[in-house]
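Please keep the sequence and the model in view while reading.

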Amino acid sequence: MKLVIHGKNIEITEAIRDYVHQKIEKAVNHYQNITNEVDVHLSVARNPRINPRQAAEVTIYANGSVIRAEESSENLYASIDLVADKIARRLRKYKERRQEKKTHAQETIEGTVQPTVVTDLIGDRTPELPEEVVRCKYFAMPPMTMAEALEHLQLVGHDFYMFLNAETGEINVIYERNHGGYGVIQPRNTHTNGKNGKNGKTANGYVPMPEKSVHNKV
């Protein structure tokens, strides 16, 4: 297993490096057969207004999936302890889901998708855009179903997840709604078959998640 440690505004001493290896290797010990690489990022905020100031982030690349966890506290070693516990829990859930898929390989998710028109995707949040692009990320985007995209969203711990829809061949975004549940944003399809377009899409390109797939993954 490859373990890489990065630091921002902090010197990675031998003591820190040894502690990271001890905690992270223990956390992934039972999952080394599915773990390809572990990336650990340690950082200390220079701004005194940021509290807690010391953060530890762990990203695991496991058989094409990305599993991520992040924790912050006023003590770097405490942050490492917290993130090691969190990544171990997410790895356990990931392995359990893989086993469930093998056991229920023939099962299919059934349910009728009711078209819903969403007029407000922002809610009470204030939209903000950076003045300039400060970082670009490039990553593989294999085709996947909405249910698989939901699993990846939960594994990385983000508010949204962009994926290539295996059924439509389009780029979609699945996101966590403020009032519970999940939503999917799809590009507008100008070639429609019927009132709501094909594949159950609505006029604004929004498709609600099937109830069964959402409740099973929460």
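## Surroundings of S43

Beyond its neighbours within four places in sequence, S43 is in contact with K8, R53, Q54 and A55, where contact means heavy atoms within 4.5 Å. S43 belongs to strand 2. With a relative accessibility of 17%, S43 counts as buried; buried means under 20% relative accessible area, exposed over 50%, and partly exposed in between, using a 1.4 Å probe and protein chains only.

The model is predicted, so local features need pLDDT of at least 70 and side-chain atom pairs count only at pLDDT 80 or more, while totals for chains, interfaces and linings use all residues. Residues are numbered from 1 along each chain as its sequence is written, and side-chain values use heavy atoms, with hydrogens and water left out.

## Overall composition

The protein chain has four helices and nine strands. Helices (H or I, at least four residues) and strands (E, at least two) are DSSP runs, numbered from the N terminus. In that direction the elements follow the order β-α-β-β-β-α-β-α-β-β-β-β-α.

Of the 218 residues in the protein chain, 35% are buried. Among contacts between residues at least 6 apart in sequence, 48% join residues at least 24 apart.

Four strands make an open sheet in the order 1-2-3-4, with mixed pairing; two strands pair if DSSP finds at least two bridges between them. Strand 1 (2–8) and strand 4 (65–73) are at the edges with a single partner strand each, so one side of each has no neighbour in the sheet. From one strand to the next, the twist averages 15°.

Strand 3 (residues 54–62) pairs with strand 4 in the antiparallel sense over nine bridges. Within this pairing, A62 stands opposite S65 and V58 stands opposite A69. The hairpin of these strands has two residues between them, and N63 takes a positive phi near 50° there. Helix 1 (residues 14–27) lies across strand 1, strand 2 (37–44) and strand 3, at about 135° to strand 1. Such angles run from 0 to 180 degrees between N-to-C directions, and the axes are lines fitted to C-alpha atoms, for helices over the stretch in contact.

## Nonpolar cores

A nonpolar core is a set of buried Ala, Val, Leu, Ile, Met, Phe, Trp, Tyr and Cys residues joined through side-chain atoms within 4.5 Å. The largest has 29 residues, of which V20, I24, V40, L42, V58, I60 and I67 touch the most other members. Strand 1, helix 1, strand 2, strand 3, strand 4 and helix 2 (76–103) each give two or more residues to this core, and helix 2 gives the most, with eight. Apart from it lies another core of 11 residues, including L150, V156, F163 and V184.

## Salt bridges

There are four salt bridges, each defined as a side-chain nitrogen of Lys or Arg within 4 Å of a carboxyl oxygen of Asp or Glu. One of them joins K23 and D81, whose closest N and O atoms are 3.7 Å apart. Because K23 lies in helix 1 and D81 in helix 2, this pair ties together parts that are 58 residues apart in sequence.

E57, R68 and E70 are linked in a network of salt bridges. The N to O distance is 3.2 Å for E57 and R68, and 2.6 Å for E70 and R68. R68 is buried, at 15% relative accessible area, whereas E57 is partly exposed at 22% relative accessibility and E70 is partly exposed at 36%.
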